[in-house]
Amino acid sequence: MDESAGLSQRLKEHARALGFDHVGIAPARPGPHAHHLDGWLACGYAARMAYLARDPERRKDPRFVLPGAQSVIVCALAYAARDSSTLPADRPRIADFAHGRDYHLVVGEKLRALEAFLHAEAPEAVQSRAYVDTGPVLEREAAFLAGIGRYGKNTTLIHPTLGSRFFIGVVITTVLLEHDQALAGDPCGSCTRCLKACPTGALRAPYELDARRCLSYLTIEHRGVLPQEARPALGNRVFGCDVCQEACPWNARLPQQPASPPVDDAPSLLDLLHLPNEEFSRRFGQTPVKRAKWSGLRRNAAIALGNTRDPAAIPALTRALADSDPLLRAHAAWALGRIGTPEAVAALRAALATETDPAVIAEIQAAQRLAAQ
Ligand code: B12
Ligand code: SF4
Ligand code: SF4
């Protein structure tokens, strides 16, 4: 066994000992699908994630991220699927990947340990950069090249046994390692279940995700008012969306954990609506949910309460109409319009008499029309 094969083997063993479920090594070059990034950006599918459009050539080719790079060590860490069918409608639904400690921390720590091992084992001085999610890297493409999985029509990377519920972390390095082969074949065939299941039509075509319509983007990344037409599709989802993965047969055979409690010691939708900021930090500060920010999570909870159409939520939503955050007031108004009972309509009328923010006034008026339908 030559030196690069031996080191590659030791790195893989070490990565598995660190807890990664699969490790592959890709050559540091653009993969065969990297050029799709250009068309995706040109269509506006990145929504307001402007960072994705910053220097796309760099994102496509790891050698721009680390000059002299020769290899990308790609690690996959599986996360548990949860059976959401038993989750009551008044409980918040949080996407499977966001339960427990933030994967940026969990995967990041393991990657740094792997990097330290690489530096100790490599025959010469080496350079490396480790990323999980936030770096200028097409991580799925690196994972594809490293033989970890193949793209599904829902754009996720599907591993032959892990399905698509796994995180990807990468270590780009100047060391020449033994590169793995990409997996051949198409995992989807004639299946189109994910495209049919997507509640908003965000999967416009196979392998084409329009983030402007995607509930994962809207609930996590989008700041400000959510488009009216997307709100009913949210259901009780307050953070992320798993629908196109739940629909996928590659995930169906995996064991599922019960959905309840959805997060440890989970609050109800009503609790979330009036969650104090300090409590938000305490509960969610170490989880991916913090990404939505306090204001975003309460906005999502207001919409979800509207979607329950349960009059029991009216007092809490009425209180939210007087909140200092206009974003919450606007979405609480929509939720009351969606519930639409005489009590909800009366709360809207009273709010209209005192509201001064033009955007919130417009939302209250729209909610009154919604209730009248
Ligand atoms: C921006 C982003 C999002 C956006 C946009 C998603 C998207 N599809 O682009 C939003 C917020 C919507 C999102 C949602 C989710 N995300 Co996200 N996201 C990212 C991020 C930061 C960048 C993705 C990106 O570059 N998109 C641009 C497009 C062009 O790239 P792409 O999606 O990889 O697309 C490739 C394929 O579509 C392929 N392709 C295009 N056309 C064709 C045609 C054919 C025939 C083939 C075979 C392939 C092909 O080529 C493209 C370029 O390589 C990555 C982390 C990273 N740095 O890579 C995580 C990442 C992709 N996300 C991840 C996760 C877990 C999720 C969610 C499951 C979270 C959730 N439950 O809510 C959902 C899944 C939604 C979905 N169906 O993709 C994981 C993916 C794990 C996996 N197994 O695939 C990543 C890698 C994060 C991580 N480090 O683990 N995400
Ligand atoms: S994450 Fe949800 S909204 Fe986004 S593409 Fe998948 S099913 Fe559609
Ligand atoms: S649901 Fe079907 S079409 Fe969609 S990714 Fe899975 S196998 Fe492919």
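# Ligand shells, cores and domains

Ala-47 counts as partly exposed because its relative accessibility is 29%. On this scale, buried means under 20% relative accessible area, exposed means over 50%, and partly exposed lies in between, with a 1.4 Å probe and protein chains only. The model is predicted: local features need pLDDT of at least 70 and side-chain atom pairs count only at pLDDT 80 or more, whereas totals for chains, interfaces and linings use all residues. Residues are numbered from 1 along each chain as its sequence is written, chains are lettered from A and ligands numbered from 1 in the order in which they are written, and side-chain values use heavy atoms, with hydrogens and water left out.

Ala-47 sits in the loop between H2 and helix H3 (56-60); helices (H or I, at least four residues) and strands (E, at least two) are DSSP runs, numbered from the N terminus. Ala-47 is not a glycine, yet its phi is positive, about 55°. Thr-155, also not a glycine, has a positive phi of about 75°. Most residues other than glycine have a negative phi. Thr-155 lies in the loop between strand E6 (150-151) and strand E7 (157-158), and with 13% relative accessibility Thr-155 counts as buried.

## The ligands

Ligand 1 is surrounded by 36 residues, the closest being Glu-139, Asn-154, Leu-157, Ile-168 and Ser-216. A residue belongs to such a shell if one of its heavy atoms lies within 4 Å of the ligand. The shell of ligand 1 takes at least two residues from each of helix H2 (36-42), helix H6 (139-145), strand E8 (166-173), helix H8 (215-220) and helix H9 (243-246).

| Residue | Protein atom | Atom of ligand 1 | Distance |
|---|---|---|---|
| Arg-140 | polar side-chain atom | oxygen | 3.0 Å |
| Ser-164 | polar backbone atom | nitrogen | 3.1 Å |
| Ser-216 | N or O atom in the side chain | oxygen | 2.8 Å |

By residue class, the shell of ligand 1 holds 21 nonpolar, ten polar and five charged residues. Here Ala, Val, Leu, Ile, Met, Phe, Trp, Tyr, Cys and Pro are nonpolar, Asp, Glu, Lys and Arg are charged, and the others, Gly among them, are polar.

Around ligand 2 the shell has ten nonpolar residues, one polar and no charged; among them are Cys-198, Cys-214, Cys-241 and Cys-244. The shell of ligand 3 includes Cys-188, Cys-191, Cys-194 and Cys-248 and divides into seven nonpolar, two polar and two charged residues. Helix H7 (193-197) and helix H10 (249-252) each give at least two residues to the shell of ligand 3.

## Cores and domains

A nonpolar core is a set of buried Ala, Val, Leu, Ile, Met, Phe, Trp, Tyr and Cys residues joined through side-chain atoms within 4.5 Å. The largest one has 87 residues, and Ile-73, Phe-97, Phe-239 and Leu-317 have the most contacts inside it. Helix H15 (residues 326-339) supplies the largest share of this core, eight residues. At least three residues of this core come from each of domain 1 (3-79 + 95-173) and domain 2 (274-372). A second, separate core has 23 residues, including Ala-69, Ala-76, Tyr-131 and Tyr-151.

The domain bounds come from an automatic or database domain assignment. Taken over C-alpha atoms, the centres of domain 1 and domain 2 are 39 Å apart. Seven residues from domain 1 and five residues from domain 2 take part in the contact, where contact means heavy atoms within 4.5 Å.

Notes: Polar contact = N/O pair within 3.5 Å; in protein donor to acceptor, adjacent residues only side chain to side chain.
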